[in-house]
Amino acid sequence: VRDPEVGTEIAAWTTTEIDATQWVVGISAPQAPILAVSGIQEQTLVMIGLMMLSTMIGLMLLTVTASSVRRQHNAEQSLTNVNAELESRVAQRTAELVTANVEMRQEIERRLHVEQALHASEERSRSLLNAIPDLMFVVDRDGNYLEVRGNPESTHYRTAKNAMRSNISVYGPIAEDLPLLQAAIADALASRVTQEVTYRTDDAASGSNVWTARLAPINPREVLMLARNITAYSRALEMIERVNEEVLGAYDATLLGWSHMLEVRENEIAGHSQRVAELTVRLARTLGCTDPDIMQIRRGALLHDIGKMALPDAILRKAGALTEEERRQVQQHPELAHTWLNGIEFLRPALEIPYCHHERWNGAGYPRGLRGEEIPLAERIFSVVDVWDALLADRPYKARWTRGVWRGTANDRQQ
């Protein structure tokens, strides 16, 4: 080999294939030192050494290449394994995404159904609210309106809507009834129990109205107030009460007429029944009887002798003593009164006096021989008044007593 810089060289070359590529591997040395060797044999040995050195270098390159190939193979194998694992994970993740997608679609459909059902429920609730005349308010403890619900077509709703963020003292009860509603709000929040209150309003839009409200606590500061307009009901009730009073007045006038008629038949002093009725009422009120009881006591006192209507005039107007038979007939008048009045529901609560006014504390009375507190209280009150009035009145069979101090023995008093 001739090299212009170093001169002639002696070279040893070999070929090898690395990664499917032909490589030429060689070693060279200057010619002069080799030729300086004295003999042919030595020169041959040098040449052989060069060739062996070249071969060793080739073998080393092959070893390095084989190691590189193994590393590359291992790397490729690792890459293959990584790719396989990655593909497995991708497939698994894809399956998970597909499952999640299906579940998400199902959840979306479920929520859509829930929203549709909620919308339908809201529509039904709105329809119900629109169909009823009630107003729903949320009111705080100070009486401020926070929210209102109701029929949008209602005059009361429109008025209440305009009053939002105002106070019940502005849109609410009349001044006389305002403390009632304020107290109901305070009681509902304090007791955590629903309260009821009735109050009146008066405004230019809807005029005078009567309301009933239920107030339920929502939290420590707010109540839900459901208010219903009962104006028509209230007016109807007032009319019924007036009619009822008129009917009761007519009944009482009828009872008074019956008592007057009996007095005429019995030659009784005019006004006896009404007089004992009024005195009995006064005594009953003094003793603490209630108004409903006093009303029945008055009716019973007016009708105490109504059973005598069945007795003949010969007995009723007889001036002398009665025979035993006549006395037996007279003693039937409480039973007759019971029979007549018990069939009249209106007069049934007033039966105690007509039925029991001849009973005696010692049990010697009639018709049932009641004793002591077995005798109804109303009859005991009436008996005191009836005896008092009888003693001060002239009767066909006796003269009246005069007012003054009565003096008698204990036996006389007992009799």
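Helices and strands here are DSSP runs, numbered from the N terminus. With that in hand, look at Arg192, in the loop between helix 4 (178-191) and strand 6 (195-203). Keep in mind that this is a predicted model.

Arg192 is not a glycine, yet its phi is positive, about 60 degrees.

Between helix 11 (352-356) and helix 12 (377-391) you will find Pro367. The peptide bond joining Tyr366 to Pro367 is cis, with omega at about 10 degrees.

Next, a pair of helices. Helix 6 covers residues 272-286 and helix 7 covers residues 291-302; their axes come within 8 Å and cross at roughly 155 degrees. Angles over 145 degrees count as roughly antiparallel, and helix 6 and helix 7 are therefore roughly antiparallel to each other. The crossing of helix 6 past helix 7 is right-handed.

Which residues meet there? On helix 6 they include Val276, Ala277, Val281 and Ala284, and on helix 7 they include Ile294, Ile297, Ala301 and Leu302. Charged residues take part too, among them Glu278 and Arg285 from helix 6 and Asp291 and Arg298 from helix 7. The contact divides into 8 nonpolar, 3 polar and 4 charged residues.

Last, the aromatic rings. The count comes to 1 aromatic pair. That pair is Phe137 with Tyr145, and it is tilted: the centres are 5.1 Å apart, and the planes make an angle of 45 degrees. Phe137 and Tyr145 are both buried.

Definitions and conventions: Residues are numbered from 1 along each chain as its sequence is written. This is a predicted model: local features need pLDDT of at least 70, side-chain atom pairs count only at pLDDT 80 or more; totals for chains, interfaces and linings use all residues. Side-chain values use heavy atoms; hydrogens and water are left out. Axes are lines fitted to C-alpha atoms, for helices over the stretch in contact, and angles run from 0 to 180 degrees between N-to-C directions. Helices (H or I, at least four residues) and strands (E, at least two) are DSSP runs, numbered from the N terminus. Angles under 35 degrees count as roughly parallel, over 145 as roughly antiparallel, 65 to 115 as roughly perpendicular and the rest as oblique. A crossing is left-handed if the near helix is turned anticlockwise from the far one by less than a right angle, and right-handed if clockwise. Contact means heavy atoms within 4.5 Å. Rings of Phe, Tyr and Trp (its six-membered ring) pair if their centres lie within 6.5 Å; planes under 30 degrees apart count as stacked, over 60 as edge-to-face and the rest as tilted. Buried means under 20% relative accessible area, exposed over 50%, partly exposed in between (1.4 Å probe, protein chains only).
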